[in-house]
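Visitor: I've got a model open and would like a quick tour. Can you walk me through it?

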Amino acid sequence: MAQDHSCPARSGKFNSSIGFILAAVGSAVGMGNIWLFPYRMTQCGGGAFLIPYFIFVALFSYCGLSGEFALGRLTGTGTMGSFDYALKSRGKRGGKLIGVMPLLGVLGIAIGYSVVVGWGLRYTAGAISGSILAGNAQSFFDGLAVSFGSIPWHLIAIGLTVVILVFGISAGIEKISKFMMPAFFILFLIIAVRVAFLPGASEGYKFLLLPDFSKLLEPMTWVYAMGQAFFSLSINGAGMLIYGSYMKKSEDIIHHSVITALLDSLAALLASFAIIPAVFAFGISLDRGPSLMFVTLPQVFQQMPGGRIFAILFFVSVFFAGITSLMNMLEACSAALEKNARFPRWTSIIIVGAAVFGVSVFLESLAGMGSWMDLITIYVAPFGAVLAAVFIYWVLGLDPIRKELMLGRDKPIGRAFDFLSKYIYVPISAIVVILGIAYGGIG
């Protein structure tokens, strides 16, 4: 049935398993690991938060990530082509039009995310020069966050991403991910080790390692853990799906999904063990959102011996995490443009990069970036992820997906996968959207 509707594959594949995994981890590891996960731990009982978080990570990686990877590899194309493939398998048309929704969500996130990546680049330069440690951290950030306050850095961040993508899958995305993601983990590990020797850091470790299990009785702990796991894994119906289309048939998708989730969670834990003890050591309140990275932590570095060196290490790692995520977003959108508008790869990438930059500058000029990101992250992007889940497990069905998942795998997939995917994962992904709307965003 499915074989009659295959889509022409976009040129280029990941050359190695480690290259694919690091690219997928680069997409998943982002600002949410750094500025939201530590805050959620402080809000939801410290280590107790990890129990529901890991439960949801296990489910979402096993069913969500593997499903998107499998559909992408099966069809050899991105969201629009994959949705069209699924509907045609049912004798229906219109899949390409429906597939626009997840792409709009990813494009919308890229518009706001690129601004923050530009901030990360500016702070890296400021850490090297020492300017972010020389004055008031809030004033430095306020000067950057105003309209047109970061255009040069923003443009450099997008331009660098475009250049990487123009080089292609193996020479661009894979090669850069192989460098940036190990560097991210090494730099954050160095910071975490240094923070361990700060006077007063032990209070932060007590908070992390002595969980408040009473928080598990509060429904919002589970709600926040579910949202954090869902969005942290970059399940959006577009980004991981396009990376799956570049995966070789000999690769074990479920294995790669699990490793991606483990490394993404490790990144979040590293961030927590670097940030929370440092904040406790200097008695600074742990805020959420951009203010944690761009206001709170510079205050920590100002008071820390050798703070300038560690500020450089931190903001370089933040920039690496940001740009590898931005690469995935722009790749998903440019792949759709290349396939459906028949543009050359480099033209598609430049058009998407220019659109992201132009719209984000316009929104900044209107001081509307916050409202834009709320609209995209609460309504558009999560709905695209639910669409993908429905198309994978209900429209296309389990048989083609199971066959694709078995390629490159020695052991058979347990029958539990069918039930978990179709009757647990799909409804829970819908619940994430509903709760996100109800509570104004739970990721």
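Visitor: Let's begin with a cysteine: is Cys44 buried or exposed?
Guide: Buried means under 20% relative accessible area and exposed means over 50%, with partly exposed in between, using a 1.4 Å probe and protein chains only. Cys44 has 2% relative accessibility, so it counts as buried.

Visitor: Before we go on, what sort of model is this?
Guide: It's a predicted model, where local features need pLDDT of at least 70 and side-chain atom pairs count only at pLDDT 80 or more, while totals for chains, interfaces and linings use all residues. Residues are numbered from 1 along each chain as its sequence is written, and side-chain values use heavy atoms, with hydrogens and water left out. In short, the model is predicted.

Visitor: And how many disulfides does the count give?
Guide: A disulfide here is a pair of cysteine sulfur atoms within 2.5 Å. Cys333 is another buried cysteine, at a relative accessible area of 10%. By the sulfur rule, the number of disulfides is 0.

Visitor: Zooming out, how many helices and strands does the protein have?
Guide: Both are DSSP runs numbered from the N terminus: helices are H or I with at least four residues, strands are E with at least two. The tally is 20 helices and 0 strands.

Visitor: How many residues of helix 6 are buried?
Guide: Ile109 is found in helix 6, and at 18% relative accessibility it counts as buried. Helix 6 as a whole is mostly covered, with the buried share at 22 of its 30 residues.

Visitor: Which residues does Ile109 contact?
Guide: Contact means heavy atoms within 4.5 Å. Leaving aside neighbours within four places in sequence, the partners of Ile109 are Met329, Met373, Ile376 and Ala381.

Visitor: What does Thr260 touch?
Guide: Thr260 lies in helix 14, residues 253–281, and counts as buried at 0% relative accessibility. Not counting residues up to four places away in sequence, it touches Ile21, Ala24, Val25 and Leu65.

Visitor: Is Ser234 buried or exposed?
Guide: Ser234 sits in the loop between helix 12 (219–232) and helix 13 (239–245). Its phi is positive, near 60°, though it's a residue other than glycine. With 11% relative accessibility, Ser234 counts as buried.

Visitor: And Arg342, buried or exposed?
Guide: Arg342 isn't a glycine either, yet has a positive phi of about 65°. Its place is the loop between helix 16 (307–341) and helix 17 (345–365). With a relative accessible area of 67%, Arg342 is exposed.
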